[in-house]
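The following note sets out, point by point, what may be read from the structure shown below. Please consult the coordinates alongside each point.

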Amino acid sequence: MQKIGEYIRELYRFSTLRILFPLQYQRFSRRPVNKKKAVFIESQLPGLSDSLSVLYERLEREQGWTLSVHCLRESFVSKSEFLKLACACLKDIADAEYIFLCDASRLISCIPKRRESTVVQLWHACGAFKKFGMSTAERIFGGTRKNYETYPYYGNLDYVTVSSPEVCWAYEEAMSLQEGSGQVVPIGVSRTDIFFQKEFQKQAQDRCEKTVPMRKGRKIILYAPTFRGNVSDAKAPNQLDIRAMQRALSKEYILLIKHHPVIKNRPKVPEDAGDFAMDVTDRMEIEDLLCVSDICISDYSSLVFEYSLFERPMIFFAYDISEYDDWRGFYYDYQEMTPGPVVQSTEEIVHYIEHISSEFDVNMVRKFRNRFMSACDGHATDRLLELLKTGV
């Protein structure tokens, strides 16, 4: 039965990625390219993510652009629904001058892309933390190297924008790009521009006050872990002892929890902790939370790179570090790169927060920021648009 299942999956991959999708694209790419037409593609999420929205809104304000968004929902809808969404997307991009992605895309990788179209991978993360793409080949998280090479995820990319020259090598490795090809460009990450806008920061505070009335002048601890498992069956970590944190910290702090968007079933906040902790996954955007939080607790999520722009304390709750390293792996030594304490228990988290005035070292965060976020200065979108105009 297992062999039959694998045969069916291989037949599906071959028939769609080698036959159906390329033919659909070729059918409509006979049309002339529509200048200043830009198509934004989300592989998994149901709407435009923050990774694409800053650029989208910028182009929307400018005159002459034709914009569209396609949410493919791969892994979240039936195969028949995905095929409909994919074919509609291919029809739309066939005459587009620009195509913007923020995730892996076999759909884009499999087509015979016309020269007049430019594909830009904005990616959904800054820095280089946990491994992805070809870097995970033969690991538990990843597929086989042969499968990645036969059906690539990162083909047809003209540019990949990253947050610092430091991390170019990791993206070249993960996306199987030639070293020094010029495809990976350290011009900064478009979505980080908003963190340098005082008006946006003020609006984030206002939105927080309306959404979280229990704040009552208390400081905010953000808990934003990444998911466990694969995207299709992603699970949330559930090791944080919210009641213990409430007992020790509730007079001065509140806890806001933001789970990864692909997680379907999230742990519930204890009812008796309702005046201290709140799950804001569906209520607040991550960019707002990064602006308003006084402390960030995460684990292996790349959001810590963005958070370093604020030079505030970070705690790394890595209770399953050995298992996660074996499963997926990291580009850098985890213990050496993290600009804050690496802990394995809620007690350690509480202790650090209680002594934060003496234990927090802002210089560690600045060093981390300068290394991994040096190209993010509030003007990444400007440089991206200049790159698209001039090619240099």
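1. Which residues does Ile93 touch, not counting residues up to four places away in sequence? The model is a predicted one, and in it Ile93 touches Tyr25, Val39, Ile41, Ile99, Ile108, Ile111 and Ser117.

2. Ile93 belongs to the largest nonpolar core, which has 89 residues. Together with Tyr171 and Leu256, Ile93 is among those with the most contacts inside that core. The element that gives the most to this core is helix 3 (residues 79-93), with six residues. Apart from this core lies another, of 22 residues, which includes Ile221, Phe276, Ile295 and Val343. As general background, nonpolar side chains tend to be buried together in soluble globular proteins.

3. An open sheet is formed by six strands in the order 9-8-7-10-11-12, with parallel pairing. Its edges are strand 9 (277-279) and strand 12 (342-343), each of which pairs on one side only. Strand 7 and strand 8 (residues 253-257) run parallel and are joined by five bridges. Ile221, a member of the core of 22 residues, stands opposite Leu255 in strand 8.

4. Helix 8 (residues 242-249) lies across strand 7, strand 8, strand 9 and strand 10 (295-298). Relative to strand 8, helix 8 runs at about 155°.

5. Helix 7 (residues 198-211) comprises 14 residues and reaches 20 Å from its first C-alpha to its last, close to the 20 Å expected at 1.5 Å a residue. Phe200, Ala204 and Cys208 are buried in helix 7. These residues are on the same side of helix 7 because they cover an arc of only 80° around the axis. The face turned away from the buried side of helix 7 carries the exposed residues Lys198 and Lys210.

6. What covers the buried residues of helix 7? The cover includes strand 7 (219-223) and helix 9 (286-292). Asp288 has its place in helix 9. Leaving aside neighbours within four places in sequence, Asp288 is in contact with Phe200, Ala204 and Arg207; of these, Phe200 and Ala204 are buried residues of helix 7.

7. Is Asp288 buried or exposed? Its relative accessible area is 5%, and the cut-off for a buried residue is under 20%; Asp288 therefore counts as buried.

Notes:
Residues are numbered from 1 along each chain as its sequence is written. This is a predicted model: local features need pLDDT of at least 70, side-chain atom pairs count only at pLDDT 80 or more; totals for chains, interfaces and linings use all residues. Side-chain values use heavy atoms; hydrogens and water are left out. Helices (H or I, at least four residues) and strands (E, at least two) are DSSP runs, numbered from the N terminus. The expected span of a helix is 1.5 Å times one less than its number of residues. Buried means under 20% relative accessible area, exposed over 50%, partly exposed in between (1.4 Å probe, protein chains only). The arc is that of the directions from the helix axis to the C-beta atoms. Contact means heavy atoms within 4.5 Å. A nonpolar core is a set of buried Ala, Val, Leu, Ile, Met, Phe, Trp, Tyr and Cys residues joined through side-chain atoms within 4.5 Å. Two strands pair if DSSP finds at least two bridges between them. Axes are lines fitted to C-alpha atoms, for helices over the stretch in contact, and angles run from 0 to 180 degrees between N-to-C directions.
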